[in-house]
Amino acid sequence: MGTTTDYNATKHEEAAEASWEAVRGGVNGALKWGVATAVLGGLGYMVSPIYRSFTIQFKTYIQMSGMVLGGMIEADARLHEYEKTMRMRRRLMRDQAMWQTFEDQYGKDDEE
């Protein structure tokens with residue numbers, strides 16, 4: 001069995017990798033939603049006299065709100081996907097260790 005230091009180092013590496021995955025998701029989501037809100041802003045500018053009457057500060061706020069929302073949604077989705085992958089990877093490692101212990105204790109199947 002590994003030492004506590006090995007366990008802490010593994011947890012630190014997983015946490016760092018998870019945070020980078022969330023960052024990548026946040027940037028991706030901000031870009032996607034930023035483009036969508038820019039298109040909607042352009043459409044609003046062309047169609048709506050109310051939108052045209054908004055100040056540049058408020059239009060910027062609307063644009064940034066869409067980008068922040070998209071970043072949060074995509075970062076959360078990527079983090080959940082990463083957690084799911086890590087759970088599956090840990091389960092696979094646990095099963096492999098169990099089978100290795102079984103084969104060490106009872107020997108390999110010689111039918112092959």
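**Salt bridges and beyond**

Author: Glu21 forms a salt bridge with Arg78, and their closest N and O atoms are 3.6 Å apart. A salt bridge here is a side-chain nitrogen of Lys or Arg within 4 Å of a carboxyl oxygen of Asp or Glu. Before we go on: this is a predicted model, where local features need pLDDT of at least 70 and side-chain atom pairs count only at pLDDT 80 or more, while totals for chains, interfaces and linings use all residues. Residues are numbered from 1 along each chain as its sequence is written, and side-chain values use heavy atoms, with hydrogens and water left out.

Reader: OK. Which parts does the Glu21 and Arg78 pair tie together?

Author: Glu21 lies in helix 1 and Arg78 in helix 3, so the bridge ties together parts 57 residues apart in sequence. Helices are DSSP runs of H or I with at least four residues, numbered from the N terminus.

Reader: And is Glu21 buried or exposed?

Author: Glu21 counts as buried, at 19% relative accessibility. Arg78 is partly exposed at 24%. The cut-offs: buried is under 20% relative accessible area, exposed is over 50%, and partly exposed is in between, with a 1.4 Å probe and protein chains only.

Reader: Fine. What does Glu74 bridge to?

Author: Arg78, with the closest N and O atoms 3.7 Å apart. Both sit in helix 3, 4 residues apart, again about one turn. Glu74 is buried, with a relative accessible area of 18%. Through shared partners, salt bridges join Glu21, Arg24, Lys32, Glu74 and Arg78 into one network.

Reader: How many salt bridges in the whole structure?

Author: A search of the whole structure finds 5.

Reader: What about Glu14, what does its side chain touch?

Author: The Glu14 side chain makes a polar contact with the side chain of Arg90, at 2.4 Å. A polar contact is a pair of N or O atoms within 3.5 Å; within protein, one must be able to donate a hydrogen and the other to accept it, and residues adjacent in sequence count only if both atoms are side-chain atoms. Glu14 belongs to helix 1, residues 4-47, and is buried with a relative accessible area of 16%.

Reader: Switching topic. How far does helix 3 reach?

Author: Helix 3 covers residues 56-106, which is 51 residues, and reaches 74 Å from first C-alpha to last, close to the 75 Å expected at 1.5 Å a residue. That expected span is 1.5 Å times one less than the number of residues. After the helix comes Gly107, with a positive phi near 90°.

Reader: Which residues of helix 3 are buried?

Author: Lys59, Gly66, Gly70, Gly71, Glu74, Ala75, Tyr82 and Met86.

Reader: And what forms the nonpolar patch on the surface?

Author: Trp33, Val68, Leu69, Met72 and Ile73, with about 460 Å² of accessible area together. Helix 3 gives the most to the patch, with 4 residues. Patches use residues with over 30% relative accessible area and no salt bridge, joining like charges within 9 Å and nonpolar side chains (Val, Leu, Ile, Met, Phe, Trp, Tyr) within 5 Å. The areas come from the Shrake-Rupley method with a 1.4 Å probe, and for residues only the protein chains shown count as cover.

Reader: Last one, aromatics. How many pairs?

Author: The structure holds 5 aromatic pairs. One of them is Tyr51 and Phe54, edge-to-face at 5.7 Å centre to centre with 70° between the planes. Rings of Phe, Tyr and Trp (its six-membered ring) pair if their centres lie within 6.5 Å; planes under 30 degrees apart are stacked, over 60 edge-to-face, and the rest tilted. Tyr51 is buried at 15% relative accessible area, and Phe54 is partly exposed at 29%.

Reader: Which residues form the cluster?

Author: Tyr51, Phe54, Phe58 and Tyr61 form one aromatic cluster.

Methods:
Helix = DSSP H or I, 4+ residues; strand = E, 2+ residues; numbered from the N terminus.
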